[in-house]
Amino acid sequence: MLKRLLLVSLLALIVVVSFGEKVVITYANWNLGLELEQKMVDEFMKANPDIVVKPAENIDYGKYIDSLNAAAAAGELPDVIMIPNIPMALTNEWALNIKKFVDNDLEWYNIPAPLREATKYGNGVYAVPAGMYFMGYFVNDDLFEKFNITKLPFAPVWPRFMAAVRALTNVQEKSLGLSEEVQIPEWYPASINKNLGWFTWDGKKYHLSEREFITAVKIAKQLFQNKYVFDSLSADEKKMLNAGWYGEAWDQGEIAIRWSGTWDINNFRNLKFKTRFIGVPGERTPVVGDFMIISSSTKHAEAAYKFLRYITFAREGMLKRLEIDDKNQWVSLPLTTEKAILERYFIQKDVYPGIREAYETIDKGIIEGVKVVPGYVESRWTAPTGIKIGDKDNANIGDVIWNSMRGDLNIADYAAQLNDLANKAYEKNYKVIESLIK
């Protein structure tokens with residue numbers, strides 16, 4: 001009997017040594033309600049039977065940030081977390097430095113450069129891109145045909161873009177050149193200066209006092225004053241278009257060029273006119289990312305990274321995502337520049353016109369700042385200026401820029417002050433992060 005017990009124990013030990021205990025990692029992602037995302041978790045576990053991935057049960061997705069804060073306070077952060085923005089995760093010390101993993105991962109370098117670079121802070125890498133969207137202009141080709149205007153190519157030169165806006169503004173004929181002008185100060189400076197990014201950010205500081213930004217705001221102001229955008233129209237003119245806002249006018253086929261993001265592609269496919277994505281003049285396509293982190297408190301960093309790369313940028317995972325996406329729930333664009341994967345995606349997904357061209361110039365793209373630049377919201381909108389505008393005795397940066405585009409302010413009079421405030425907001429927020437990641 002004793003020999004038999006010893007034999008059973010020995011066999012059990014051999015099983016444990018040979019196969020090991022399963023590693024359990026927890027996962028929080030507000031997209032887990034999508035069938036495709038749950039399928040991806042299941043497919044990962046099939047391919048990696050030694051790892052179990054469980055949804056984090058302590059996260060209330062209706063109170064996502066509050067739940068993450070509570071979990072962190074209790075020492076129970078999920079191992080893998082979708083985050084609203086990277087600076088917040090760093091300030092709260094939630095994110096693990098994964099540089100040792102990505103440095104040895106050849107597929108990491110297939111991630112489009114704007115997103116890949118956005119995950120770096122100091123000497124570390126603290127997030128993994130989990131989604132990618134392009135922003136820019138979409139065109140209504142039917143209006144170009146109706147008015148016999150030559151169609152715009154992808155990333156048209158600025159003079160040609162403006163000529164189309166002017167030529168296609170004829171409200172009496174139910175045509176308006178442009179949906180809105182307010183994004184121009186954010187993308188235009190980078191289109192004429194390769195050293196600048198979104199909202200003049202160069203990776204270290206803003207350049208709002210330079211001519212590129214001042215010119216952009218003045219262009220936006222001219223577009224508004226010349227009534228080329230929807231909000232500049234009178235009530236009677238809006239009534240001619242039978243629309244309460246530019247989205248309504250676009251859906252009715254009355255706007256020639258609309259600013260939006262690729263998250264709207266499925267909606268645009270269903271419109272009754274032909275549409276295309278043309279990016280922005282200058283080939284510096286704006287990019288918006290989603291990001292995930294590995295918790296700094298995880299006990300299973302290697303398994304967590306293996307899972308995270310599979311559901312985001314790994315070749316194996318993207319091919320599987322294409323294979324099982326039978327309900328067309330993959331809204332993000334593929335997180336790769338690998339031609340074989342992109343060709344497979346383009347063929348299977350009946351890719352929207354203009355997306356191929358955007359990928360061809362993706363390394364020139366500029367990352368939108370909200371999710372990646374410390375203090376961006378303060379630098380772009382909320383920092384108080386001490387400037388009086390109307391009934392606001394202490395207008396914020398956003399107010400000054402808005403009034404410079406649509407009101408009486410001259411941006412050149414305030415650009416240096418805005419630049420100083422924007423950079424101070426960044427420096428203040430980055431210093432906090434810098435002290436925590438050293």
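## Exercises on a predicted model

In this predicted model, Ala155 belongs to the loop between α7 (141-146) and α8 (158-167).

**Exercise 1.** Carry out the corresponding analysis for Asn328, and state where in the chain Asn328 is found.

*Solution.* 
Step 1. Asn328 is part of the loop between α15 (315-324) and α16 (339-349).
Step 2. Asn328, a residue other than glycine, has a positive phi near 55°.
Step 3. The relative accessible area of Asn328 is 41%. Values between the 20% limit for buried and the 50% limit for exposed count as partly exposed, and therefore Asn328 is partly exposed.

**Exercise 2.** Describe the largest pocket by its volume, its lining residues and the elements that contribute to the lining.

*Solution.* 
Step 1. The volume of the largest pocket is about 540 Å³.
Step 2. Its lining consists of 24 residues, and those nearest the centre are Glu117, Ala118, Trp201, Gly203 and Ile367.
Step 3. Two or more lining residues come from each of α6 (113-118), β4 (120-121), β11 (366-367) and α20 (415-437). The greatest contribution is that of α6, with four residues.
Step 4. By residue type, the lining comprises 14 nonpolar, five polar and five charged residues.

**Exercise 3.** Classify the aromatic pair of Phe199 and Phe213, and explain which parts of the chain the pair ties together.

*Solution.* 
Step 1. The model contains 34 aromatic pairs. In the pair of Phe199 and Phe213, the centres are 5.7 Å apart and the angle between the planes is 90°.
Step 2. Planes over 60 degrees apart count as edge-to-face, so the pair of Phe199 and Phe213 is edge-to-face.
Step 3. Phe199 lies in the loop between α9 (184-192) and α10 (211-225), while Phe213 lies in helix α10, so the pair ties together parts 14 residues apart in sequence.
Step 4. Phe199 and Phe213 are both buried.

Terms used: Residues are numbered from 1 along each chain as its sequence is written. This is a predicted model: local features need pLDDT of at least 70, side-chain atom pairs count only at pLDDT 80 or more; totals for chains, interfaces and linings use all residues. Side-chain values use heavy atoms; hydrogens and water are left out. On a 1 Å grid over the protein atoms alone, a cavity is a set of points where a 1.4 Å probe fits but cannot get out, and a pocket is an open set with protein on both sides within 12 Å along at least five of seven lines; lining residues have an atom within 4 Å of a point. Grid points are joined across faces, edges and corners, and a volume is the space filled by probe spheres set on the points. Ala, Val, Leu, Ile, Met, Phe, Trp, Tyr, Cys and Pro count as nonpolar, Asp, Glu, Lys and Arg as charged, and the others, Gly among them, as polar. Buried means under 20% relative accessible area, exposed over 50%, partly exposed in between (1.4 Å probe, protein chains only). Rings of Phe, Tyr and Trp (its six-membered ring) pair if their centres lie within 6.5 Å; planes under 30 degrees apart count as stacked, over 60 as edge-to-face and the rest as tilted.
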